[in-house]
Amino acid sequence: MRKIIHCDCDCFFAAVEMRDNPALGDIPIAIGGSVEQRGVVATCNYPAREFGIHSAMPMAQALKRCPHLTVIRGDMAKYKTVARQVFAIYRDVTELIEPLSLDEAFLDVSEVTQHHGSATLMAEAIRERVSREVGITVSAGVAPNKFLAKIASDWNKPDGLCVITPDEVDGFVQQLSVKKINGVGPRTAEKLAGLDIHTCADLRARTLTELVEQFGRFGRRLHELSWGCDERPVKTHRERKSISTEQTYAQDLPTLEACRLELPALVSCRCFN
Ligand SMILES: [Mg+2]
């Protein structure tokens with residue numbers, strides 16, 4: 001039985017900016033590109049979320065929803081420095097870390113003996129240290145596998161901890177909405193709803209054969225997850241299979257050739273990150 005902690009900094013870029021300028025703490029702020037550059041929201045704080053603003057929303061739309069929104073360009077070098085500090089705190093607990101992004105990671109603490117081997121106490125200690133030493137908050141989820149740890153870290157966000165013990169897995173999963181399953185996007189959710197499948201308990205009532213018929217390979221995955229089973233190990237190294245980067249252009253790139261010309265710069269800036 002594994003012990004996994006999923007750590008996720010709360011509105012990371014915005015949290016760093018609020019730490020460095022407390023005047024930003026209670027007002028809606030968004031980090032991202034300017035309207036003139038057709039920028040999008042990378043991160044926003046909770047006061048901004050109350051206006052319905054979220055990541056990937058065009059900044060122009062965000063400003064329509066909240067005209068007094070404070071837009072901050074963002075400082076990726078600074079965020080990377082902060083992320084390194086946070087990950088150094090994780091590494092004091094375990095070397096078995098799988099980063100998912102700058103501010104998110106799985107930690108396998110199955111063999112860790114600190115804190116009497118309690119993953120809950122480890123997660124609390126991490127949260128306390130990040131808050132005290134770095135000045136931002138981390139939400140954490142503790143569970144016997146990656147699937148549930150990731151859901152748990154989101155459960156009591158922001159600045160929250162949620163623990164799903166092995167005894168609690170079954171009850172937790174049964175009531176879980178299928179929309180919470182990683183990989184279930186709006187279209188799959190709609191299809192599931194059409195089959196009258198809303199919770200993992202509903203999923204369990206269907207046979208593996210039926211789920212595979214309906215959803216192909218993902219049907220098998222749905223079947224496993226509906227029972228709270230996820231055997232994926234925490235991977236400290238991963239082979240890069242794709243890269244992604246975000247860039248909004250002030251002017252459209254109208255032709256394939258124009259797009260092609262932009263590619264080398266995008267790829268090189270990404271690979272050296
Ligand atoms: Mg985060």
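**View A. Which residues of α4 meet which residues of α5?** From α4, the contact takes Val 82, Gln 85, Val 86, Ile 89 and Tyr 90; from α5, Ile 126, Arg 129, Val 130, Glu 133 and Val 134 (contact: C-beta atoms, placed from the backbone, within 7 Å). These residues divide into 7 nonpolar, 1 polar and 2 charged (nonpolar: Ala, Val, Leu, Ile, Met, Phe, Trp, Tyr, Cys and Pro; charged: Asp, Glu, Lys and Arg; polar: the others, Gly among them). This is a predicted model, in which local features need pLDDT of at least 70 and side-chain atom pairs count only at pLDDT 80 or more, while totals for chains, interfaces and linings use all residues. Residues are numbered from 1 along each chain as its sequence is written. Helix α5 covers residues 119-134 (helices are DSSP runs of H or I, at least four residues, and strands of E, at least two, numbered from the N terminus). The axes of α4 and α5 come within 10 Å and cross at roughly 145° (axes are fitted to C-alpha atoms, for helices over the stretch in contact; angles run from 0 to 180 degrees between N-to-C directions). The α4-α5 crossing is right-handed (near helix turned clockwise from the far one by less than a right angle; left-handed if anticlockwise).

**View B. Helices α1 and α4 pack at an angle of about 95°.** Their axes are 10 Å apart, and α4 spans residues 76-91. The two helices are therefore roughly perpendicular to each other (65 to 115 degrees; under 35 is roughly parallel, over 145 roughly antiparallel, the rest oblique). On the α1 side the contact holds Phe 12, Phe 13 and Val 16, which meet Lys 78, Tyr 79 and Val 82 of α4. By class, this contact has 5 nonpolar residues, no polar ones and 1 charged. Val 82 of α4 also belongs to the contact with α5.

**View C. Cys 11 has a positive phi, of about 30°, although this residue is not a glycine.** Most residues other than glycine have a negative phi. Cys 11 sits in the loop between β1 and α1, and α1 covers 12-20.

**View D. Five strands, in the order β5-β6-β1-β7-β8, form an open sheet with mixed pairing.** The edge strands β5 (97-101) and β8 (161-163) each pair on one side only (pairing: at least two DSSP bridges between two strands). From one strand to the next, the twist averages 15°. At the β5 end of the order, β5 and β6 (residues 104-108) pair in the antiparallel sense over 4 bridges.

**View E. The peptide bond from Lys 157 to Pro 158 is cis.** Its omega is near -5°. Most peptide bonds are trans. Pro 158 is found in the loop that links α6 to β8.

**View F. A second open sheet has 3 strands in the order β3-β2-β4, and its pairing is mixed.** At the edges stand β3 (41-44) and β4 (70-72), each with a single partner strand, so one side of each is left without a neighbour in the sheet. Neighbouring strands here are turned by 30° against each other on average, direction ignored. Strand β2 (residues 29-32) runs antiparallel to β3, and 3 bridges join the two. Ala 30 has Cys 44 in β3 as its bridge partner.

**View G. Helices α10 (residues 208-215) and α11 (residues 217-226) pack at an angle of about 140°.** Their axes are 6 Å apart. The pair is therefore oblique, and α10 passes α11 in a right-handed crossing. Leu 208, Leu 211, Val 212, Gln 214 and Phe 215 of α10 meet Phe 218, Gly 219, Arg 220, Leu 222 and His 223 of α11. Of the residues in this contact, 6 are nonpolar, 3 polar and 1 charged.

**View H. The C-alpha centres of domain 1 and domain 3 lie 28 Å apart.** The domain assignment of the protein gives domain 1 as 4-10 + 77-165, domain 2 as 14-72 and domain 3 as 170-226 (bounds from an automatic or database assignment). Contact between domain 1 and domain 3 involves 4 residues of each. On the domain 1 side, the residues touching domain 3 are 3 nonpolar, no polar and 1 charged.

Terms used:
Contact = placed C-beta atoms within 7 Å.
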